[in-house]
Amino acid sequence: MSAVKFVDHGYADPDPAISAGSGPFRHYELDSAFHDELFHDDGTPRARARRLGTALSRIPPEDLERLQEGVYRRFVHEGITFTVLGVEDVSEQIIPIDCVPRLITAEEWDHIERGLKQRLAALNLFLHDVYHDGKALRDGIVPVDLVLGCPQYRLEMREMKVPHDVYVAVCGTDIVRAGDTFAVLEDNLRVPSGVSYMLACRTAMKWAFPYLYRAYGVREVADYPERLYSTIASLSLAGETPRMAVLTPGRYNSAYYEHAFLAGEMGVDLVEGRDLVAHDATLYARTAAGLRRIDVLYRRIDDDFLDPVAFRDDSVLGAAGLFHAYRAGNLVLANAPGTGVADDKALYAYVPRIIRYFLDEEPILANVETHLCREPDGLAYTLDNLKELVVKEVGGSGGYGMLVGPHATKAERKTFAEHLRNDPANYISQPVLPLSRAGCFVDGRLEPRHVDLRPFVLQGSEKQHVVPGGLCRVALRKGSLVVNSSQGGGCKDLWILRE
Amino acid sequence: MMLARMAANFYWLGRYAERTENTARLLEYQLTRLVDADADEIALGWRVAYRALSQSPPQAPADVDEAEAFLIADAYTLTGGLVEDTTNPASMISCWGMARENAREIRPRLPLRVWVCLNQGFLWLQETEFADAWGEGPAALVSRAIDRLRLFAGVVDANMARDDAWRFLELGRYVERLQQQIVLLDVWDRIARPDGDGLTLSWADLLRVCGAFEPYRRDRSLTLQRSSVLGFLMRNPEVSRSLHYATDRIESTLQGIDPAGGRPPLAAPHRLALRISAALELDPGEADAAPDAAPDAEAGEPFGPLTRDSRTLHDLVQATYVDYPVTAGLPT
């Protein structure tokens, strides 16, 4: 691969002649049904995109190809991979990276940031209420059976004192842009992943577009590991420098790279269940010089597998007695067990009511219209409009267990309708969202593709912090609305502009 | 102090990296001889290399003995089995892969440049078409592999703090070297029979395989006798592939790992390392005590005690730092 010359193409002086459908953007087809983040409907560039458009028009396509290849090789060599467990083997794969950054203005981000902080504050209050007084349930804000019947509800957490009442310290919220507004698609309150790809994309983009990056004035995300460390450390009851570790299921987990990356960047141990020993209601790690106490665990495994004594007894990923140490107050877990009850897809529909109830405020970020199949009206509407809706399992993730009505065959819709009738409480439906599109470099062409966004929010003992960036997922297949990496999605860097 | 599991991963990273290079060095020696040695000498070289790497001889009819089996086998297949055969756990690709897998487990403690260097090397070997590389010259591929492995050693040296992670990596490297060198000296002495009659390999070649020919020539002129060569490769403190050098490094890394800083009571691996070192230093051993003639291959095991001690050393490292009973590790 020949070298790419990093030339300042005069990004400070945007080219006014750029337009969709001509020149280097001749393959860039606009569709008025979808908000395009680079161009207005008439093909002229949006104000924020002029510099980017200029850069993309002045860099020869072969150089863009080399940049894309360079970014890919960089990820391969640095091992920025995710693990795929096949039937017979284990393979490492790279999430495809698109080298065109996505842009969000300071004003847009301010709105998102305020909305995310509000949402997380309300959800933490809700979780505390669920596991203590249950006022919101008694007042009918959320149906009692929806909470108590949720598989993620943890009876073991009842009346449990959680340090600083912070149940969710790390949250990854999926946000989509439909038209000119941003809406929350999903809250990930258990073990949200993707932040390492955000950081890896940023490093790669700084390498690929150093002048453009500087010209734009992009908000920095590199301090995320320090923020994460200080956030989780602030929850500790063991002083200012608690002994912290990241708990991973191991290297066959698809997010193992992220676990190792975060542990390394925070300067803490990356432990597996086999490294841990609980003794006398205290958790220890096996070091080469004996057992060493652990005060705080940033756990990246699901509740079920944390402790075979407290939860699933066939788990070999956690440590027997870990939950006992937690209950005894000798260990802090981030996030707390039982947070999944608040990111259930059915409960999602009630989050605006939760915000109003606990904060006495109107939600800043809207929800996506959601029909609960557990309710007769919702089920009837869903069955009548299956062809136009997206149907999801309430506990599903990764793009699995869902039906995209317009893209499904008649037989698939029929099968799903049976599932709905048999177990309606397990499903919700939403309209097919007209996800916004951002410019991408695919197969040597600049074309629009649908994108979403997962910003990360940190909640410490006192402070909240929203990372000015996030994992931006992109549906690289033309016309596809599914952004999951397991379904042909990739990612790209997200630039939050200072001005 | 680092996690016991990670200490083991660093240790095995060091072992597998060293093992890969050891295989590559032996192969490089053998493959360069293909140009001018006759068929019998080449077959003997393969036999020595396979024995030194604890590899089974190639499959042959029941009535064919080991020496003849190597005469029948072709160099391409024998080399491929040690380079690219992923079903052979001792091949270079397997060992490099295991080094990489251990490195994956310790990514949080491994400097990025170290990982990238190791990973690039592995991916390079994995993506290399063995048949094409053979066409460029049999030794070219392993020579490039040696360069990459030494680059890796240099990147480790330049980028890692001298902490426990580095000590366990060094410990693994030198325990592996000690074991491999003992086997090599033993095999060369018993099978290559440099001072014997008939088909032999030379002492000079043993020194070359160990990268010790030039230091030996400077130190002892070109008097290539069994006791002198073996003594040099056992006790010279300056040659990096001497048993003394490896033991010395093992002893110093164990001293660093020891929480008491090497003060008594010493941990069991440390005590054994000192004993091996003393045995090398003070007891000339059977190699020197024996007359300057090659021993009968069946007659004895001049390197037997050292072989056993070097294996025990590994067992003690595992038992002391990794697999200790939980009750022994509880804080007092």
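β9(A) and β10(A) form a hairpin, with 2 residues between them. Helices (H or I, at least four residues) and strands (E, at least two) are DSSP runs, numbered from the N terminus.

This is a predicted model: local features need pLDDT of at least 70, side-chain atom pairs count only at pLDDT 80 or more, and totals for chains, interfaces and linings use all residues. Residues are numbered from 1 along each chain as its sequence is written, while chains are lettered from A and ligands numbered from 1 in the order in which they are written.

## Contact between chains A and B

The contact takes 23 residues from chain A and 24 residues from chain B. Two residues are in contact if their C-beta atoms, placed from the backbone, lie within 7 Å. On the chain A side, the elements that give two or more residues are α2 (61–78), α9 (256–266), β7 (269–271), β8 (276–279), β9 (282–287) and β10 (290–293).

Nonpolar covers Ala, Val, Leu, Ile, Met, Phe, Trp, Tyr, Cys and Pro; charged covers Asp, Glu, Lys and Arg; the others, Gly among them, are polar.

## Helices α8 and α9 in chain A

α9(A) also packs with α8(A) (residues 224–234): their axes come within 9 Å and cross at roughly 80°. That makes α8(A) roughly perpendicular to α9(A). Axes are lines fitted to C-alpha atoms, for helices over the stretch in contact, and angles run from 0 to 180 degrees between N-to-C directions. Angles under 35 degrees count as roughly parallel, over 145 as roughly antiparallel, 65 to 115 as roughly perpendicular and the rest as oblique.

A:Pro225, A:Leu228 and A:Tyr229 of α8(A) meet A:Leu262, A:Glu265 and A:Met266 of α9(A). These contact residues divide into 5 nonpolar, no polar and 1 charged.

## A three-stranded sheet in chain A

An open sheet of 3 strands in chain A has the order β3-β23-β22, with mixed pairing. β3 (97–104) and β22 (472–475) stand at the edges with a single partner strand each, so one side of each is left without a neighbour in the sheet. The twist averages 40° from one strand to the next.

β22(A) and β23(A) (residues 489–496) run antiparallel and are joined by 4 bridges. A:Cys472 has A:Lys492 in β23(A) as its bridge partner. Helix α6 (residues 195–208) of chain A packs on the sheet and touches β3 and β23. Its direction makes about 70° with that of β23(A).

Chain B is divided into domain 1 (1–160) and domain 2 (162–324); the bounds come from an automatic or database domain assignment. Their centres, taken over C-alpha atoms, are separated by 21 Å. In the contact, 30 residues of domain 1 meet 27 residues of domain 2. α1(B) gives the most to the domain 1 side, with 16 residues. That side has 17 nonpolar, 4 polar and 9 charged residues.

α9(B) (residues 164–192) and α13(B) (residues 243–257) pack at about 155°, with axes 9 Å apart. They are therefore roughly antiparallel to each other. Residues that meet include B:Leu171 and B:Leu178 in α9(B), and B:Ile250 and B:Leu254 in α13(B).

Technical notes:
Pairing = 2+ DSSP bridges.
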